[in-house]
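Biologist: I'm new to reading protein models. Could you walk me through one, feature by feature?

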Amino acid sequence: MFIMKLVGCILIFCSTSGIGFLYAKEFEHRQEDLNSLKTMALQLRGEIRYAMTALPEALEHIAKRHDGRLQPFLSEISKKLSERSGESMLQIWSACEEKLSVTSLTKQDKLFLHQLGESLGYLDKEMQLATIDLFLTQVEQTLKELETIGKEKKRLYKSLGILTGIFLVIIIL
């Protein structure tokens, strides 16, 4: 009986600690995904401003150079735009947003990205660049906020996982 209780306590402690570490890792993944968004937006801005590339080609070039979790999203948009099915850029962008489910982006991050997609494709070059700059500002601000609270939050998640495990073990014993 005591052995079963001990094994149960070990399992509970390990699982709650693991959950804490999982949340901390998810926080890190969100930072990585936001950095990928920033890189993608910078590349898009460069393609539009300096290379004067059309949007479907620009997104195709970026998708080929991108190897993060945003790559399926970018590839799908590029593919659908190249098909020239008659759908608007917003419809294509919205349909491809389901590919973002593999990322750790929050609803707010996805909203920023959706707002970027709303204004791409039908505005003139300068307005598209201004929209990309606004998007970059939002992403950079979010990244700064995450950097200031990042270490504390990750440590908090890990500590809460461990302490919850200890608490439950004490209650069981």
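Biologist: Where is Leu173 found?

Modeller: Leu173 is found in the segment after α6 (125–172). Helices here are DSSP runs (H or I, at least four residues; strands are E, at least two), numbered from the N terminus. Before we go on, this is a predicted model: local features need pLDDT of at least 70, side-chain atom pairs count only at pLDDT 80 or more, and totals for chains, interfaces and linings use all residues. Residues are numbered from 1 along each chain as its sequence is written, and side-chain values use heavy atoms, leaving out hydrogens and water.

Biologist: Is Leu173 buried or exposed?

Modeller: Buried means under 20% relative accessible area, exposed over 50%, and partly exposed in between (1.4 Å probe, protein chains only). Leu173 has 58% relative accessibility, so it counts as exposed. In sequence Leu173 and Lys5 are 168 residues apart, yet their C-alpha atoms are 7.5 Å apart in space.

Biologist: And how do I read Glu47: buried or exposed?

Modeller: Use the same cut-offs. Glu47, found in helix α1 (residues 2–49), counts as buried because its relative accessibility is 11%. Contact means heavy atoms within 4.5 Å. Setting aside neighbours within four places in sequence, Glu47 is in contact with Met52, Thr53, Ala58, His61, Ile62 and Arg65.

Biologist: Which residues of helix α4 are buried?

Modeller: First, the general idea. An α-helix has 3.6 residues a turn, so residues three or four places apart point the same way. In α4 (residues 89–96), the buried residues are Met89, Ile92, Trp93 and Cys96. They lie on the same side of α4 because they cover an arc of only 100 degrees around the axis, the arc being that of the directions from the helix axis to the C-beta atoms.

Biologist: What do the buried residues of α4 pack against?

Modeller: Their partners are α2 (55–65), α3 (71–83) and α5 (107–119).

Biologist: Now the whole chain, please. How many helices and strands does it have?

Modeller: There are six helices and zero strands. The chain is more spread out than a compact globule, because its radius of gyration is 22 Å, well over the 16 Å that the globule rule gives for 173 residues. That radius is taken over C-alpha atoms, and the rule is 2.2 Å times the number of residues to the power 0.38. Along its principal axes, the C-alpha trace spans about 70 × 35 × 25 Å.

Biologist: What share of the residues counts as buried?

Modeller: Of the 173 residues, 36% do.
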